[in-house]
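Welcome, and please open the model in your viewer. We will select a few pieces at a time and look at what is there.

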Amino acid sequence: MAARISIQHEDFDVAAESAALTDGRTDVGAVVTFSGLVRADDGLTSLTLEHYPGMTEREIARHVAEAESRWPLLGVTVIHRIGKLLPGARIVLVAAASAHRAAAFEAANFLMDYLKTRAPFWKLEERADGSEWVEARREDDDAAKRW
Amino acid sequence: MTLLYFAWVRQKVGQSEERIDLPPDVGTVAELAAWLAARGGGFADAFAGGRTLRAAVNQNHVGWDAAIGANDEVAFFPPVTGG
């Protein structure tokens with residue numbers, strides 16, 4: 001089953017995306033969905049996401065292919081929003097379907113770690129006193145190295 | 001060749017994209033960065049030594065010693081922060 005990869009301004013429906021991975025089939029025993037949301041840390045008023053069109057899709061597709069080679073997946077969905085998002089808004093969805101839960105959990109975790117450290121997105125945080133680009137976190141690099 | 005700039009690199013150099021002829025004596029990403037820094041102003045600021053910049057050639061992450069050619073798309077950006 002081809003993975004669904006979307007970079008979009010629009011919000012997404014987690015339940016609908018999860019259902020789309022399982023509708024009409026009886027071989028899926030586990031679907032793991034991860035949703036990332038905008039936190040209002042330290043008075044954050046908005047988060048603006050920029051990306052590298054073309055490279056983003058290629059990087060995500062490459063890592064989805066790697067996940068599919070490492071775990072017996074029956075479906076994968078990756079949705080990443082771009083543009084200006086407010087606190088509480090959904091940013092990213094990773095959903096992985098498999099016959100059993102371990103593969104679905106691990107593949108979703110792997111894909112999130114790689115989105116954090118390899119997919120060309122950048123976040124600009126805005127607060128009352130100005131805006132600032134988010135710096136990459138060493139913890140994210142360390143998390144990605146586990147795989 | 002096409003040069004692309006993202007996030008604060010784009011802000012410092014004041015543009016998101018430009019087309020240039022591959023300068024003579026520039027054969028790697030590091031040499032291109034040094035050539036751009038020599039323009040001064042926002043370019044010198046963005047490409048100042050010691051700063052953590054990343055690069056991609058033809059939409060693949062590369063190291064600073066990667067070779068570049070006249071028809072390549074080269075992008076410069078800060079470490080990524082997706083997810």
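**Stop 1: a pair of helices**

Begin with H2(A) and H3(A), whose crossing is right-handed. (A crossing is right-handed if the near helix is turned clockwise from the far one by less than a right angle, and left-handed if anticlockwise.) To find them, select residues 55-70 of chain A for H2(A) and residues 101-117 of chain A for H3(A). Helices here are DSSP runs of H or I with at least four residues, strands are runs of E with at least two, and both are numbered from the N terminus.

Before going on, a note on what you are viewing: this is a predicted model, in which local features need pLDDT of at least 70 and side-chain atom pairs count only at pLDDT 80 or more, while totals for chains, interfaces and linings use all residues. Residues are numbered from 1 along each chain as its sequence is written, and chains are lettered from A and ligands numbered from 1 in the order in which they are written.

How do H2(A) and H3(A) lie relative to each other? They pack at an angle of about 155°, with their axes 10 Å apart, and are therefore roughly antiparallel. Axes are lines fitted to C-alpha atoms, for helices over the stretch in contact, and angles run from 0 to 180 degrees between N-to-C directions. Angles under 35 degrees count as roughly parallel, over 145 as roughly antiparallel, 65 to 115 as roughly perpendicular, and the rest as oblique.

Now show the side chains where H2(A) and H3(A) meet. His63(A), Val64(A) and Ala67(A) come from H2(A), while H3(A) brings Ala107(A), Phe110(A), Leu111(A) and Tyr114(A). Two residues are in contact if their C-beta atoms, placed from the backbone, lie within 7 Å.

**Stop 2: another partner for H3(A)**

Asp113(A), Tyr114(A), Lys116(A) and Thr117(A) of H3(A) meet Asp140(A), Asp141(A), Ala143(A) and Ala144(A) of H4(A).

**Stop 3: the sheet in chain A**

Next, select E1, E4, E6 and E2 of chain A, which in that order form an open sheet of four strands with mixed pairing. (Two strands pair if DSSP finds at least two bridges between them.) Which strands stand at the edges? They are E1 (4-8) and E2 (30-37) of chain A; each has a single partner strand, so one side of each is left without a neighbour in the sheet. Neighbouring strands of this sheet are turned by 5° against each other on average, direction ignored.

Zoom in on E1(A) and E4(A) (residues 73-81), which pair in the parallel sense over five bridges. Ser6(A) has Ile79(A) in E4(A) as its bridge partner. In a regular strand, side chains alternate between the two faces of the sheet.

**Stop 4: one loop residue**

Select Pro72(A), in the loop between H2 and E4 of chain A. Is Pro72(A) buried or exposed? It is exposed, because 12 other C-beta atoms lie within 10 Å. (Buried means 20 or more such atoms, exposed 12 or fewer, and partly exposed in between, with C-beta atoms placed from the backbone.) Leaving aside neighbours within four places in sequence, Pro72(A) is in contact with Ser98(A), Ala99(A) and Ala103(A). Ala103(A) is 31 residues away along the chain, yet the two C-alpha atoms are separated by 6.7 Å.

**Stop 5: over to chain B**

Zoom out: chain A has four helices and eight strands, whereas chain B has three helices and five strands. Along the sequence, chain B follows the pattern β-α-β-α-α-β-β-β. Of its 83 residues, 31% are buried.

Finish by selecting E1(B), residues 2-5, with E2(B), residues 17-19: they pair in the antiparallel sense over three bridges. E1(B) also runs parallel to E5(B), residues 73-77, joined by four bridges. Click on Leu4(B): its bridge partner in E2(B) is Glu17(B), and in E5(B) it stands opposite Ala75(B).

Note on methods
Pairing = 2+ DSSP bridges.
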